[in-house]
Amino acid sequence: MEHSSGNPFPLGASWDGKGVNFAIYAANAEAVELCFFSQDDDAETARIRLTERTRHVWHAYVSEIGPGQCYGYRIYGAYKPGEGQRYNSNKLLIDPYAKAISGKVNWHDSLFGYELTKDDLVMSEVDSAPFMPKSVVIDSSYDWEGVQPPRSHYNESVIYEAHVKGLTKLHPEIPEQIRGTYAAIAHPAITGHLKQLGVTAIELMPVHQFINDRHLEERGLSNYWGYNTIGFFAPNSRYSSSGIHGQQVREFKDMVKALHREGIEVILDVVYNHTAEGNHQGPTLSFKGVDNESYYRLTEDKRFYMDYTGTGNTLNANSPNVLRMIMDSLRYWILEMHVDGFRFDLASTLARGLNEVNMLGAFFSIIHQDPVISQVKLIAEPWDIGEGGYQVGNFPSGWAEWNGKYRDCIRDYWRGEERMLGEFASRLTGSPDLYQDNDRSPTASINFITAHDGFTMHDLVSYNQKNNEANGEDNQDGEEHNRSSNYGAEGDTEDAGINALRSRQKRNFLTTLFLSQGVPMLVAGDELGRTQKGNNNAYCQDNELSWLHWDQADQELLTFTRRLIKLRADHPVLRRRKWFKGEPLKDKGVPDIAWFLPEGSEMEAHNWEEDFAKSLAVFLQAEGTAFYILFNAHHEGVMFRMPPAQFGADWELVLDTGLNELQESYQPEAEMVVEGRTVMVLKTK
């Protein structure tokens with residue numbers, strides 16, 4: 001096969017219309033071979049040895065090949081696990097910069113760099129190529145037809161967390177042949193639902209190429225969620241309806257373009273903290289065989305891996321070449337795939353120095369100064385499993401965070417737990433205790449009641465205990481302390497009173513979420529009443545337990561949710577960009593925010609410290625509109641009094657989570673009974 005020296009940049013495989021430049025970083029390798037394979041039968045068709053090496057990058061230019069060409073690497077070097085080196089040329093490796101990856105890992109003992117019958121110190125000499133997916137050369141050209149990213153401000157955003165397959169697999173209006181794929185997300189049935197709901201951004205669970213764990217496949221399960229990445233540049237081929245030899249790239253771009261046309265941003269859940277290669281007993285698929293010492297954080301005994309993620313390994317974000325790969329990946333998804341932001345899984349791991357979490361570390365410094373990455377939405381899952389890993393409120397300016405404290409507080413408030421009203425008020429106003437002193441705004445808080453991991457909102461009000469037996473781990477997996485309540489019966493019940501209370505609690509959760517300052521995140525299906533039958537860790541359930549059942553949608557709840565999101569969108573005071581000051585506004589004489597006891601008097605300092613109190617009201621105003629919101633988490637009704645006339649002369653009821661037939665207008669100091677576990681929202685006329 002005709003080839004020449006080529007160039008060390010860019011890394012990966014780059015087609016120029018006449019041939020392909022290949023470049024791979026392998027600092028400690030002794031030799032590198034580039035192998036080519038047929039699309040038709042996966043047979044190896046050619047192999048060349050790379051002879052050019054520039055600054056640890058091996059490279060070559062191969063003429064007369066192009067898009068669709070399948071390839072992989074074999075890398076030679078020492079196999080000395082005790083010294084951190086795991087080179088094994090018998091193992092075909094995925095290009096760390098592959099833009100497309102064909103097919104799946106077909107589990108076989110040959111995929112491991114060592115003899116499985118012995119231990120990882122004994123090198124395996126069996127060829128893994130027949131069982132490996134192949135890297136694919138792509139044509140990166142694409143016509144975006146002038147469609148531009150929406151660039152919604154955070155305070156205008158409503159995020160919808162969704163799984164590509166789970167959202168679309170059972171939708172009756174989507175053609176069956178594209179259900180579960182990127183093309184299905186682009187279908188009008190989905191984009192229309194998102195638009196009618198009022199969603200401004202869809203946050204997709206992992207779509208980077210990932211693999212199924214061997215132990216799951218052996219139990220007839222799969223890694224459904226996808227937090228098991230093997231390719232940081234490649235859209236997952238399992239979500240492609242059009243092909244796996246580069247077609248998945250174009251289909252992904254078609255999806256992004258369709259969403260952008262509707263004004264909906266695309267945020268990706270990305271997993272840069274670990275890879276699918278596991279610990280010292282895991283397979284050799286890519287990074288481990290390319291340059292184990294560079295890509296991973298190793299212990300003092302370099303045979304073993306540091307594990308801050310619970311997956312067996314941790315990517316070494318302190319290594320310059322790993323940092324470069326992460327930044328190159330992020331830029332690629334922004335510039336080439338037009339995505340609008342990222343949610344970083346276990347983001348504290350990326351901030352770790354030698355051990356401790358360092359928010360001034362290289363990862364954040366590089367992102368902060370990058371003119372491309374720094375301009376998109378950056379959302380942290382602000383924790384990992386290591387010591388000091390819980391970092392809610394500590395990420396730098398420019399970052400938003402999944403606010404786990406918001407979730408816990410709001411769940412506890414509505415199930416009647418004894419928590420200080422002061423914390424509830426803080427969470428409702430954007431969590432200033434976490435973000436205000438760090439040059440951040442209320443929109444640093446991504447507010448959520450539920451997420452992909454844990455109970456759905458329906459299950460949150462239907463189960464006291466998790467029900468994860470289907471995962472095959474004797475119900476030992478998943479969170480034990482869910483802050484949930486079944487309100488009198490575990491799971492499904494025909495008791496009308498219990499079902500009515502559960503429905504009201506779902507409305508209470510949603511109302512609190514969308515009336516809170518910050519950025520609301522809704523999990524796909526919560527607006528439809530989706531259940532996972534009490535499974536709070538459905539990571540391995542690629543079946544109807546996890547998929548949305550559109551034919552069983554709670555239409556009343558859907559209508560209520562649309563109404564809530566529209567109320568938020570219509571009134572800037574409900575989605576402020578800046579903090580409340582609690583000071584009188586110009587020409588108004590009353591503050592922008594004030595808190596009231598049910599009897600109508602303003603709250604004093606000692607009222608905030610009463611953990612038995614379950615009821616309060618809040619006055620909000622901005623731009624000529626005022627709201628008075630009454631919260632009653634007590635199980636019985638409470639008498640409330642409207643505030644004095646200076647706060648508003650004429651009020652209209654715009655929302656009641658009890659769905660009661662109440663009078664529509666109220667005067668200053670008028671009294672009303674707010675039913676147990678109810679929110680009422682009034683607005684000045």
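Predicted model: local features only at pLDDT ≥ 70, side-chain atom pairs only at ≥ 80, totals over all residues.
Two strands count as paired if DSSP finds at least two bridges between them.

**Strand S13 and its partners**

Strand S13 covers residues 159-162. Ile159 and Glu161 point one way from this strand, Tyr160 and Ala162 point the other way, and all are buried. Four bridges connect S13 with strand S14 (residues 201-204), and the two run parallel. Within S14, Ala201 is the bridge partner of Ile159. S13 is also joined to strand S22 (residues 519-523) by three bridges, again in the parallel sense. Here the bridge partner of Ile159 is Met521. Ile159 therefore has a bridge partner in S14 and another in S22. In general, the strands of a sheet pair through backbone hydrogen bonds, either parallel or antiparallel.

**An open antiparallel sheet**

A sheet of six strands is open and has the order S23-S24-S25-S30-S27-S28, with antiparallel pairing. Strand S23 (593-596) and strand S28 (665-666) stand at the edges; each has a single partner strand, so one side of each lacks a neighbour in the sheet. The pairing of S28 with strand S27 (residues 651-656) is antiparallel and extends over two bridges. In S28, Tyr666 is the bridge partner of Trp651.

Helix H9 touches strand S24 (615-622), strand S25 (625-632) and strand S30 (678-684), and its direction makes about 60° with that of S25. Helix H14 (residues 555-570) touches S25, S27 and S30, and its direction makes about 135° with that of S27.

**The nonpolar core**

The largest nonpolar core has 173 residues. Those with the most contacts inside it are Phe22, Tyr160, Ile202, Phe342 and Phe344. Helix H7 (residues 320-335) gives the most to this core, with nine residues. Tyr160, as noted above, is one of the buried residues of S13.

**Aromatic rings**

A search of the whole structure finds 40 aromatic pairs.

| Aromatic pair | Centre to centre | Angle between planes |
|---|---|---|
| Trp383 and Tyr390 | 5.8 Å | 10° |
| Tyr413 and Phe424 | 4.0 Å | 20° |

Why do these pairs count as stacked? Planes under 30 degrees apart count as stacked, and the planes lie 10° apart for Trp383 and Tyr390 and 20° apart for Tyr413 and Phe424.

The pair of Tyr413 and Phe424 links distant parts of the chain: Tyr413 belongs to helix H9 (residues 404-414) and Phe424 to helix H10 (residues 421-428), 11 residues apart. Tyr413 is buried because its relative accessibility is 5%, and Phe424 is buried as well, with a relative accessible area of 1%. In the other pair, Trp383 is buried, with a relative accessible area of 15%, whereas Tyr390 is partly exposed at 43%.

Aromatic residues also form a cluster, whose members include Phe232, Tyr272, Phe342, Phe344 and Trp399. Phe342 and Phe344 were named above among the residues with the most contacts in the largest nonpolar core.

Charged side chains sit over rings at two further places. The charged end of Arg49 lies over the ring of Tyr76, 4.8 Å from its centre. Arg576 is placed over the face of Phe580, at 4.3 Å from the ring centre.

Conventions
Residues numbered from 1 in each chain as written. Heavy atoms only, no water. Phe/Tyr/Trp six-rings, centres within 6.5 Å; stacked < 30°, edge-to-face > 60°. Buried < 20%, exposed > 50% of the residue type's maximum accessible area, 1.4 Å probe, protein only. Lys NZ or Arg CZ within 6 Å of the ring centre and 35° of its normal. Core = buried A, V, L, I, M, F, W, Y, C linked by side-chain atoms within 4.5 Å. Contact = heavy atoms within 4.5 Å. Axes fitted to C-alpha atoms, helices over the stretch in contact; angles between N-to-C directions.
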